[in-house]
Each structure stands twice: as structure tokens, then as C-alpha cells.
Amino acid sequence: MSDPASIRVVLPQHLCTLARVNSEVVLEVAGTVTQRAILDALEERYPMLRGTIREHETLKRRPRVRFFANAEDVSHDDPDAPLPEAIVLGQQPFMIIGAIAGG
Amino acid sequence: MPGIRVLVGTRKGAFILTSDAQRKNWSVSGPHFAGWEVYHMKGSPVDPDRIYASQTSSWFGQVIQRSDDGGQSWHQPGSPDGPQVNEMGMPMGESNKFVYDTSEETGRPLTTHQWYDGTQNPWEFLRVWHLEPSLDDPDTVYAGVEDAALFRSTDGGASWNELAALRGHESGPKWQPGAGGMCLHTVVLDPADRNRIYVAISAAGAFRTDDGGRSWKPINQGLHSQYIPDPNAEVGHCVHRIAIHPKRPNTLFMQKHWDVMRSDDGGDNWFEVSGDLPSDFGFPIAVHAHEPETIYVVPIKSDSEHYPPDGKLRVYRSRSGGNDWEALTNGLPQENCYVNILRDAMAVDEHADCGIYFGTTGGQVYFSPDGGDHWSPIVRDLPPVLSVETQTLK
């Protein structure tokens, strides 16, 4: 079995405050690197973020949260689909973004 | 140290205003939870250092914060300062988990409620509007939430369980959201009867339990709403706020969408006491700390014009429990004032000369040291104020 991948994850400011981290964290993700695998690892390491990105119980993405991988919006992609190699290799961060709204 | 603490929730964070017992010089701390909406903060009556806060966001959902030192520091219950941490020392993250109870043992099936277009819509948790700490136990606190339901924590906010009989009441499918959502915004604990709790829901009405939440009864007899043709409708009323005096808990005062109402039998029957108010639309209602028949409202022009009549910010006081009202204007703007005062944004302190406080959507927090005769702003440039609560420190 291969070593876990070191995945870079960028968080929005308000979630950094809650988790008490800087804007980018690095997570060890075993197996196929997918949205679900990254979010599971993120919530395991920072449990205070449970419910802030995905709903409790249903694990549905909150409506005003978006996911970007390799400059592509993957918010509507299958959460179990493999993410691009640039994410797996740590060349690009997996980005969690609060949708832009308001005036 | 004796003094007053005023807990202010705003659209962009929380602020704490503190003074000594003289109430002349105020210090301001905040913003706490900067950038988040803080719908409500309230301190425990038995431990004033214990304060609960509802921090919420349309982006990132609900967070419950707790302070154990009077608001100097905060943590999510269960976080490293609390008892529930995992092996890595990180919080277990359950403090924001509000899940409707659908278990066979204690819950009710997740039914639907009426949506704006008349169709049925499933209950969906959005946020905590109101936190009501227990009168006896600092670790017990109630949360009124949107979509309307009542939750309780008995571990200082680390985990929450729904009192599901309320949402499961047979009238539930007839409840519908008001303009602000279908929210349970008022929780009143009866100081004389620990099993009796009053709640109010927009737009369903008022409900009461006499058995600690195992069963609930709509208490809306006597409420009349223009938009409900049936004068005896059990639910559907847009109750905005209910207040009681702790020494006379069977007397309830209500600011409804339109109409100021009163009940002297624990909500079984209501009658109107709007009397000579310039408008009986409004949001908050409060009772004087030492005079159970002295009540306060802030008239708003109408449900489509959420600002004071004639651009004059006037608190109205009745010393007779309603019907006869006097305008309190000394120190309040009497021209070009078009702010609103939201339902949880008025409070009183327990000082011998009862202090009255209210916050506006223009960011002012006004204070009267003498029961409403004179007013001045403590702060005037905060974000829009959502809630105001006081703590009288002894």
C-alpha cells in the first residue's frame, strides 16, 4: 500500500479562526484522494469544523461553500471522484471557498 | 465587582458593554466572533461568568460559543478548555450539532411545515435565534432554533437534544415562516414552576408546556391577526416577543406582529392592551425589574415600513399593564430617525433605579438609568444590533 498523500487545503478566513490555523493546512490522506476523503480527514483533524462545510448527518455541502481543485470548480462533482494529480502530489491546494455574495 | 454588563449581538460580531454600579462610564469590548452574525448572548442567572453566545453564518452554519469568565475569553463547548476533547486534544465538534430527534424512543418523525407558497417543506435546521440559560443550573441551556424547534443542552452547550414534542405537535404541518424565517425566537422559563416553559414561534404562535417539554399546548386564544380569517385559529399567529415579571409569572405581555397583548392566566386567554399607542406594530416588549405592571414597547410604523412613526424614536411606557401609554423621548432622536428595534434587542437591569436598554439596526445602544425618563447612547456606531441582554453583577 502506498504512503498517504500530503494534501494542501486552503480554508476561508472564518474557518481558520474557528480551527485556530493559518489559511493553509496539510493533511495526510490515505487511499484514493477525493473530496470526501479530504473532508473526512479535515474534520477528523479539526472536529470543530464539522457542520461548517458539510451538513451534520447528511454530509451535503453547505450551499454557500465551494470547492476548487486545480483552478476548476468541482463543487458539483461526485464527492468520490478522484481529484487531479496536482492535488494528490501537493502541487496545488484543494481550496474551500465561501461563495462570494453581498454588497 | 458590582456593576452592569450589557451583552450585544450584532450582524458582524458581539460586543460587551461594562460599567460599575453607577452606570455612568462604560467600557466596550469586541467585536467578538468578528464578521459572524451573533443572534443572541445570555448569561446564566446562577453563574454570571457563564455566558452563551449563538454565532451563525449563512455560509458556515451554526456555532455555539461559551465563556466561563464573564466574556473575557470564549471557546466552543467541548473545545480544549472544556471536557470533550479527542486524543489529539482537539474539540469533539458537537456543540454546533442540532439534529432534529427522529428516534422512536424520544423523537417524532420529521414531518413537513407549510412553505411560503402553500406547499409543504421539510424541517431544516438553519440557526439558533435565542439561548435561554436555566434558572438553576449553569450547564443547562435551551436553544430556540430555525426551523422552529426547541433544543436543550445539559452539559454546558457541548451537545444538544431536541424537545421533540413541540415540533411534533399535531399543528406542526400548519406552521409557516414569517418574513424572517420559521423561527423559535422566544423562550421564557417560569420561575415559579420548573416544568412550565413558554415559547413563541413566527408564524405559528405561542406554546406552553407544563411537564418540562414532554407535551405542548398552543396558547393563542384571543389573538386576532388580519391575515388569518378564522378568529379562533389555533396557530398561524406571528408572535414577536413575550415577557414576564418573575414575581408574577402568570401574567404574560406580548408584542404581536400587530397588537400588544396581555394574559393573566398563563397564556390561556389573551386580551389587547394596545390602547393609545401611535402604532401597535413592533418587535420587543419588556417589563420593569421592580414594577410588574410597568411595561415598555417601541412602536414601529407598520409591517411594511420597519421604522418609528414620523421619524421619531419613542419608547412607550405603560404603568398600568397596558392601554394607557406615555411616550418617552428625552434623549432620543425626534427627527429623521428610521431605524428598527428587533425583538431580542431590549432589556432591563435590576438596579434600584431600573435601567432600560435597547439596540437599533442603526448600531446604537440606548440606555435609560431611570426607568425610561432620560436616555443617552452608550455606543452609536456598532453594526446593526440583533440582541441586547443585561447582567446585574452583585
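Author: Two residues are in contact if their C-beta atoms, placed from the backbone, lie within 7 Å. This is a predicted model, in which local features need pLDDT of at least 70 and side-chain atom pairs count only at pLDDT 80 or more, while totals for chains, interfaces and linings use all residues. Residues are numbered from 1 along each chain as its sequence is written, and chains are lettered from A, ligands numbered from 1, in the order in which they are written.

Reader: For contacts in chain A with a separation of 6 or more, what share comes from residues 24 or more positions apart?

Author: The count for chain A takes in contacts with a separation of 6 or more. For chain B the corresponding share is 50%. In chain A, residues 24 or more positions apart account for 55%.

Reader: What radius of gyration does chain B have, against the value for a compact globule?

Author: The C-alpha trace of chain B spans about 55 × 50 × 40 Å along its principal axes. The radius is taken over C-alpha atoms, and the globule rule is 2.2 Å times the number of residues to the power 0.38. With 394 residues the rule gives a value near 21 Å, so chain B agrees with a compact globule at 20 Å.

Reader: Which helix gives the most to the side of chain A that touches chain B?

Author: In this pairing of chains, 17 residues of chain A are in contact with 18 residues of chain B. The top contributor on the chain A side gives three residues and covers residues 13-19; it is helix α1.

Reader: How many residues of strand β6 of chain B are buried?

Author: A residue is buried if 20 or more other C-beta atoms lie within 10 Å of its own. Across chain B, buried residues make up 51% of the 394 residues. Strand β6(B) covers residues 61-67 and is largely enclosed by the rest of the structure, because the buried count is seven of the seven.

Key:
Buried ≥ 20, exposed ≤ 12 C-beta atoms within 10 Å, placed from the backbone. Helix = DSSP H or I, 4+ residues; strand = E, 2+ residues; numbered from the N terminus.
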